[in-house]
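The following account leads the reader through a single model, from its strands to its cores and then to individual residues. Please keep the sequence and the structure in view while reading.

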Amino acid sequence: MAEREGTMKRKNMVFLIIVLAACIFMTNMSEGSSVSAPSRDIISDAASEPADELKDEPEDEWEDEWVDEEESVDFSFEHTFKIQSKWDHHCNAELSLKNTSDHDMKDWEVAFVYKGEIEDIWNARIMFHDKNVYVIKNVGWNKEIKMGESVSFGFTASYADKMPKEPRNLDIQKLEYEVTDGFRIHYRQLAKYDNKVEGQIEIVNKSDNYIEGWNIIMDANIDITDIWDAKVSDAGYNYDDNDEEYTTPIGRHYFIENAGYNRDIEPGQTISFKFVAELISGEDAVIENESLYQLTVWPDNEDEEVDEDDCIWEGDEVTDDLPVVTDEELDDDDYDQMEED
């Protein structure tokens, strides 16, 4: 009997030890989980320093999500030019472009200088023409030039005296250029409610050439929250010149891009985009300092040929910074006189 009681006591002791160990383990786990919470609070507190101690500008919420691969890739190419026929100050010619780079060209375009007047063109279209400068683009179905492959287009050109040489200064690299004339930007406020406005911006192409891959840079006293038929790629804050601490913005400096499907503005065409915005300052939306840019190609100016038309000859009106070309031969006395002068 006494032996059974001793055995029961030992079993009860073991059970109590197990229970006590389990309690200690659970307590430690509970204390461990409660230790991590203050660390998150500390991080949060460290990130929420008083605003008057932070001198940087507020971060912009807009991100540049759209990247045109054609802008960031350098392409190499070769070209061949053939005269196929000629008659009465006219000729039919073919220009071929071969992609020699290690990237596919997805929307090719070429610019060059050519002294003939292109009257007709096939398998391509004229995007820009001013004097001897041409910008030629694909017609959609032939827009891509894969690595190592070629595309060709032809044209009929007229000329006054002798048949012009082949196009020169060819380039295919797209760059951004400011459009300086031949367009109009117009803003209309469509509605206003509380502190919000609904507006529309129109771009009118008044020129005889395409405006390609358009984008607008402008200042405005509004914070655009929604936009249609365009994209906001960047929008930094504008501050008053006396606000050295960047405490109160008075507006935003916007970079607005086309929506892709409306990237080109044809001659005489008007395109528009709408937006909803909140007023940052003032009673009505004010759009100012608008600039229009386009993404296109331009003839390469390296190794440009100089012909008789580029020179000033004896008898022509001369400015101080331009030389006079004469047929007179200079002798030793002339050089001596020039050294004295």
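Two strands pair if DSSP finds at least two bridges between them; strands (E, at least two residues) and helices (H or I, at least four) are DSSP runs, numbered from the N terminus. The model is predicted, so that local features need pLDDT of at least 70 and side-chain atom pairs count only at pLDDT 80 or more, while totals for chains, interfaces and linings use all residues. Residues are numbered from 1 along each chain as its sequence is written, and side-chain values use heavy atoms, with hydrogens and water left out.

An open sheet is formed by five strands in the order 9-17-12-15-14, with antiparallel pairing. Its edges are strand 9 (175–178) and strand 14; because each has a single partner strand, one side of each is left without a neighbour in the sheet. From one strand to the next, the twist averages 20 degrees (axes are lines fitted to C-alpha atoms, for helices over the stretch in contact, and angles run from 0 to 180 degrees between N-to-C directions). Strand 14 pairs with strand 15 in the antiparallel sense over nine bridges. Tyr239 has Pro249, in strand 15, as its bridge partner.

The cores come next. A nonpolar core is a set of buried Ala, Val, Leu, Ile, Met, Phe, Trp, Tyr and Cys residues joined through side-chain atoms within 4.5 Å; buried means under 20% relative accessible area, exposed over 50%, and partly exposed in between (1.4 Å probe, protein chains only). The largest such core has 27 residues, and Ile201, Trp214, Ile216, Ile222 and Tyr254 have the most contacts inside it. Among the elements that give two or more residues to this core are strand 10 (183–193), strand 13 (222–228) and strand 17 (287–296). Strand 16 gives the most, with five residues. A second, separate core of 24 residues includes Phe112, Tyr114, Val151 and Tyr159.

Two polar residues complete the picture. Gln200 is placed in strand 11 (residues 196–205) and is buried, with a relative accessible area of 7%. Its side chain joins that of Glu202 in a polar contact of 3.3 Å, a term for a pair of N or O atoms within 3.5 Å; within protein, one must be able to donate a hydrogen and the other to accept it, and residues adjacent in sequence count only if both atoms are side-chain atoms. Ser101 lies in the loop between strand 2 (90–99) and strand 3 (109–113). Ser101 is likewise buried, at 12% relative accessible area, and its side chain reaches the backbone oxygen of His103 at 3.3 Å.
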